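The following paragraphs walk through a few places in the structure shown here.

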Amino acid sequence: MYRVHFGRFVSNGLNDTYSITTNTGTYYVRIYKINWRSESDIRYELELLLHLHRFGIPVSIPLPRRDGEWLTGLDAPEGKRYMALFTEAAGKEKRDVEASVAYGAAIAELHRAAGFFAPRSGRFELDLHHLLDEPLQQLLPFLSHRPEDRRFVLDAADKLKRRVASLQDEGLDWGVCHGDLHGSNVHLTGDGELTHFDFDCCGMGWRSYDLAVFWWDRVQSAELDSFNNKQWNTFLNAYLSSRTLNRQDLEAIPAFVAIRHIWLLGLHTGNSAVWGAWQDDSYFDRKLKFLRAWMEAHNL
């Protein structure tokens, strides 16, 4: 029998997360925010985690209730929310070259195992509608007082769409993706054991996009002449040592870095009613400076 010793609110992110310490260990409860993920979206995520676990991929997995159900519906004041319980991802985040090597090799194995996933539940895809069109709908109203920047973002989105379309014609690797591989959603223990968690952004998508998120995370706050990041290079080389990609997949990665950046801008502005409207001119100055420099540096 489980005996709860104490619980703690961990984060108010895209969802609400709590840790629960019991006599058998620590577990994490996620309560999905209203209008963020549908019940089918969530069930797809949980099914994927269980699939990867069966294939030997080290992931934080959901735990069922006593009746075998994976989700608990909550009648919150704001509407129906869903709750799921997950195992702990032991260890901590590590952001160094050694960890990047381990992570790159592990993602190659994750992608390979995910290729055999046959979901019972439906979910949105990580396509250009999700990654660009929907974020632009959220972002553009916040740039109404910055017409030059608004035109730049629209022009950048058009160029990125055409770039992806041209490479897609040659064939891009498409399959189940984690969707948020920035390196903070994996923990490593002192003896090198690795555990993936937080598949809230998963879905069918381009594998190039999945990898690009890691590069984007490492360079978005760097000096604008430091785009050739060592952690990214070691991460990619470790991935390619275990799983090959075609030329066009590699050529698509810089475009997907820029697409990820626009996606984030849409995420921040679209959730301003929840997180607060801190997306001021200083925020856009920083974020759009990076986007301009990246597009120029990679001839996009």
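Asp200 sits in the loop that links strand 9 (194–196) to strand 10 (203–206). The model is a predicted one. Is Asp200 buried or exposed? Its relative accessibility is 2%, and the limit for a buried residue is under 20%, so Asp200 counts as buried. Setting aside residues up to four places away in sequence, Asp200 touches Leu14, Asn15, Arg30, Tyr32, Trp36, Arg37, Glu45 and Arg123. With one of these residues, Asn15, the side chain of Asp200 forms a polar contact of 3.3 Å.

Which residues does Arg8 contact, leaving aside its neighbours within four places in sequence? They are Thr17, Tyr18 and Ser19. Ile20 is 12 residues from Arg8 in sequence, and the C-alpha atoms of Arg8 and Ile20 are 6.5 Å apart in space.

The helices come next. Helix 7 (residues 247–270) and helix 9 (residues 281–297) have axes that come within 10 Å and cross at roughly 165°. Angles over 145 degrees count as roughly antiparallel, so helix 7 is roughly antiparallel to helix 9. The crossing of helix 7 with helix 9 is left-handed. On the helix 7 side, the residues that meet helix 9 are Pro254, Val257, Ala258, His261, Ile262, Leu264, Leu265, His268 and Thr269. Helix 9 contributes Tyr283, Phe284, Lys287, Leu288, Phe290, Leu291, Trp294 and Met295. Sorted by class, this contact between helix 7 and helix 9 holds 13 nonpolar, 3 polar and 1 charged residues.

A further helix pair is helix 2 (residues 97–114) and helix 6 (residues 230–242). At what angle do the axes of helix 2 and helix 6 cross? The angle is roughly 35°, and the two axes come within 7 Å. Helix 2 and helix 6 cross in a right-handed sense. From helix 2, the residues in contact include Val97, Ser100, Val101, Tyr103, Gly104 and Ala105, along with Ile107, Ala108, Glu109, His111 and Arg112. They meet Lys230, Gln231, Thr234, Phe235, Ala238, Tyr239 and Ser242 of helix 6. The contact of helix 2 with helix 6 is made up of 9 nonpolar, 6 polar and 3 charged residues.

Key:
Residues are numbered from 1 along each chain as its sequence is written. This is a predicted model: local features need pLDDT of at least 70, side-chain atom pairs count only at pLDDT 80 or more; totals for chains, interfaces and linings use all residues. Side-chain values use heavy atoms; hydrogens and water are left out. Helices (H or I, at least four residues) and strands (E, at least two) are DSSP runs, numbered from the N terminus. Buried means under 20% relative accessible area, exposed over 50%, partly exposed in between (1.4 Å probe, protein chains only). A polar contact is a pair of N or O atoms within 3.5 Å; within protein, one must be able to donate a hydrogen and the other to accept it, and residues adjacent in sequence count only if both atoms are side-chain atoms. Contact means heavy atoms within 4.5 Å. Axes are lines fitted to C-alpha atoms, for helices over the stretch in contact, and angles run from 0 to 180 degrees between N-to-C directions. Angles under 35 degrees count as roughly parallel, over 145 as roughly antiparallel, 65 to 115 as roughly perpendicular and the rest as oblique. A crossing is left-handed if the near helix is turned anticlockwise from the far one by less than a right angle, and right-handed if clockwise. Ala, Val, Leu, Ile, Met, Phe, Trp, Tyr, Cys and Pro count as nonpolar, Asp, Glu, Lys and Arg as charged, and the others, Gly among them, as polar.
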